[in-house]
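Please keep the sequence and the structure in view while reading.

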Amino acid sequence: MSYITSAALAETGYVVLPALPDPIDPAEWQELEYVGWRSSGVTRFAPLASYAGEVECNGFWNHTPPRTDKDGVWISSQVEKAPTLVRLAQEPGANVGRCRVIELQPNTYADAVYNLHQDDNNRLNDSGTGWVVRAWLNLTDDPDSLLILREDRFDPATEIRLPLAAGTRMVVDTQRFWHAVWHRGTTPRYSLITSLTSGPELDAYIEAQGGDPHAHGVPLDPALVEAAQIELHRRIEERRRAFEAQGIVMEPPVDLY
């Protein structure tokens with residue numbers, strides 16, 4: 001199938017925008033209503049826009065009638081608490097699907113590698129329309145925490161690690177990348193995540209903001225990376241055996257090297 005994609009993301013699949021210059025009042029995310037929703041780690045979400053304007057996080061394709069991750073309906077009870085977040089989510093001028101604040105508890109690098117996942121933003125997306133990507137705005141100051149991106153889930157050589165200081169902004173094709181966050185803080189991390197539709201509006205916004213598709217990544221000790229790889233395969237094998245004991249066939253084993 002053919003989609004309208006973002007030229008800015010064509011080469012590397014991501015861009016980092018200049019950090020947001022002005023601080024945001026923490027009340028805008030602290031006073032939102034959160035719901036439990038499993039993601040990469042121990043998480044909760046506070047939706048700002050959802051399928052029908054309700055405080056819920058389900059994929060739009062799981063509703064009736066089902067649709068792709070576009071045309072999110074703003075939730076009035078949440079929007080009134082977070083006007084700055086809503087403005088920033090709408091700033092690119094692109095169609096907004098799901099929009100929500102994620103709360104992530106501290107974890108380890110091995111946890112993040114195990115929790116790597118690809119998003120399903122474009123389920124039911126019609127050919128010839130805009131490809132859905134994700135915009136991130138880190139709300140808390142987590143300079144030691146890293147967004148982990150891998151083109152190959154099992155190959156750390158494909159890994160990009162981007163730091164998450166307050167105000168960090170990125171646009172990522174999260175259906176291209178396996179991704180998760182290693183949160184090295186002692187308190188929860190909060191970030192605004194917005195589904196945006198690729199097209200001329202998003203490209204113009206990224207260009208005007210000076211999006212960088214070659215942002216400087218953070219190196220890690222090779223021994224730490226290798227240990228996480230071993231733990232990744234151990235956890236997958238443990239899960240596979242647990243499900244097979246129940247007669248459920250899971251993913252096949254993958255060679256570590």
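Strand β10 (residues 178-182) has four of its five residues buried, so the rest of the structure largely encloses this strand. Buried here means under 20% relative accessible area, with a 1.4 Å probe and protein chains only; strands are DSSP runs (E, at least two residues) numbered from the N terminus. The model is predicted: local features need pLDDT of at least 70 and side-chain atom pairs pLDDT 80 or more, while totals for chains, interfaces and linings use all residues. Residues are numbered from 1 along each chain as its sequence is written, and side-chain values use heavy atoms, without hydrogens and water.

β10 belongs to an open sheet of three strands, ordered β8-β7-β10 and paired antiparallel. Because β8 (159-164) and β10 are edge strands with a single partner each, one side of each has no neighbour in the sheet. Pairing requires at least two DSSP bridges between two strands. β7 (142-150) is joined to β10 by five bridges, with Ile-148 opposite Ala-180. Six bridges join β7 to β8, and there Leu-149 faces Ile-160.

β10 also takes part in the largest pocket: β5 (96-104), β6 (132-138), β10 and β11 (189-197) each give at least two residues to its lining. The lining comprises 12 nonpolar, 10 polar and seven charged residues; Asp, Glu, Lys and Arg count as charged, Ala, Val, Leu, Ile, Met, Phe, Trp, Tyr, Cys and Pro as nonpolar, and the others, Gly among them, as polar.

Technical notes
Buried < 20%, exposed > 50% of the residue type's maximum accessible area, 1.4 Å probe, protein only.
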